[in-house]
Amino acid sequence: MNRSSFMKWITGGLEAFWALPVIGGPLIFSMNWSPLVVMLILHIITLIISINEGRNKHGSILGIVTSAVGFIPFLGWMMHTITAILLLIDAYRSEKAIEVS
């Protein structure tokens, strides 16, 4: 597994966790939106690693946008869900591409 795939699994899993309406939303709210700042930093790191490895970067870019609008209740939930799906699919495809080559 390369570093970009590893980071996409991590950020995708965290985005999926934040997308849980009963758990993620109240937890983000109770922590004064600091998880969004942490996710922003993780998405930027993942983006840099993906660029350096020549991998897809669209999931990380969407994650950065999600971190910026994640404080808006319904839009944040929807964006976390879409970003999680995109990152997890991309991580899976990256691993399969490495196995084939």
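What you're looking at is a predicted model, so local features need pLDDT of at least 70 and side-chain atom pairs count only at pLDDT 80 or more, while totals for chains, interfaces and linings use all residues. Residues are numbered from 1 along each chain as its sequence is written, and side-chain values use heavy atoms, with hydrogens and water left out.

**Overall build**

- The chain has five helices and zero strands, where helices (H or I, at least four residues) and strands (E, at least two) are DSSP runs numbered from the N terminus.
- Read along the sequence, that gives α-α-α-α-α.
- Along the principal axes, the C-alpha atoms fill a box of roughly 45 × 20 × 15 Å.
- Buried residues make up 36% of the 101; buried means under 20% relative accessible area, exposed over 50%, and partly exposed in between (1.4 Å probe, protein chains only).
- The accessible surface comes to about 5700 Å², and 76% of it belongs to carbon and sulfur atoms; areas come from the Shrake-Rupley method with a 1.4 Å probe, and for residues only the protein chains shown count as cover.
- Take the contacts (heavy atoms within 4.5 Å) between residues at least 6 apart in sequence: 67% of them join residues at least 24 apart.

**What the UniProt record marks**

- The unreviewed UniProt entry lists residues 34–52 and 64–89 under "transmembrane region"; positions follow the numbering used here, feature names are shortened, and annotations may be inferred rather than shown by experiment.
- Residues 34–52 are 100% helix and 0% strand, with their end C-alpha atoms 28 Å apart.
- Residues 64–89 come out at 88% helix and 0% strand, and here the end C-alpha atoms sit 17 Å apart.

- Helix α3 covers residues 34–53, 20 residues in total, and reaches 29 Å from first C-alpha to last, close to the expected 28 Å at 1.5 Å a residue; the expected span is 1.5 Å times one less than the number of residues.
- Its buried residues are P35, L36, M39, L42, H43, T46, L47, I49 and S50.
- N32 counts as exposed because its relative accessibility is 61%.
- W33 is in the loop between α2 and α3 too, with a phi near 65°, again positive in a residue other than glycine.
- At 34% relative accessibility, W33 counts as partly exposed.
- Just after α3, G54 has a positive phi of about 70°.

- K8 belongs to helix α1 (residues 3–18) and counts as buried because its relative accessibility is 0%.
- The side chains of K8 and D90 make a polar contact of 2.6 Å; that term means a pair of N or O atoms within 3.5 Å, and within protein one must be able to donate a hydrogen and the other to accept it, with residues adjacent in sequence counting only if both atoms are side-chain atoms.
- Setting aside neighbours within four places in sequence, K8 is in contact with T46, S50, R55, N56, L87, L88, D90, A91 and S94.
- S94 sits in helix α5 (residues 73–100) and counts as buried, because its relative accessibility is 7%.
- With neighbours within four places left out, S94 is in contact with S5, K8 and R55.
- F6 is another α1 residue, partly exposed at 45% relative accessibility.
- F6 and T46 are 40 residues apart in sequence but 9.1 Å apart in space, C-alpha to C-alpha.

**L62 in α4**

- L62 lies in helix α4, which runs over residues 58–69.
- Not counting residues up to four places away in sequence, L62 touches M79, I82, T83 and L86.
- L62 and H80 are 18 residues apart in sequence, and 9.4 Å separates their C-alpha atoms.
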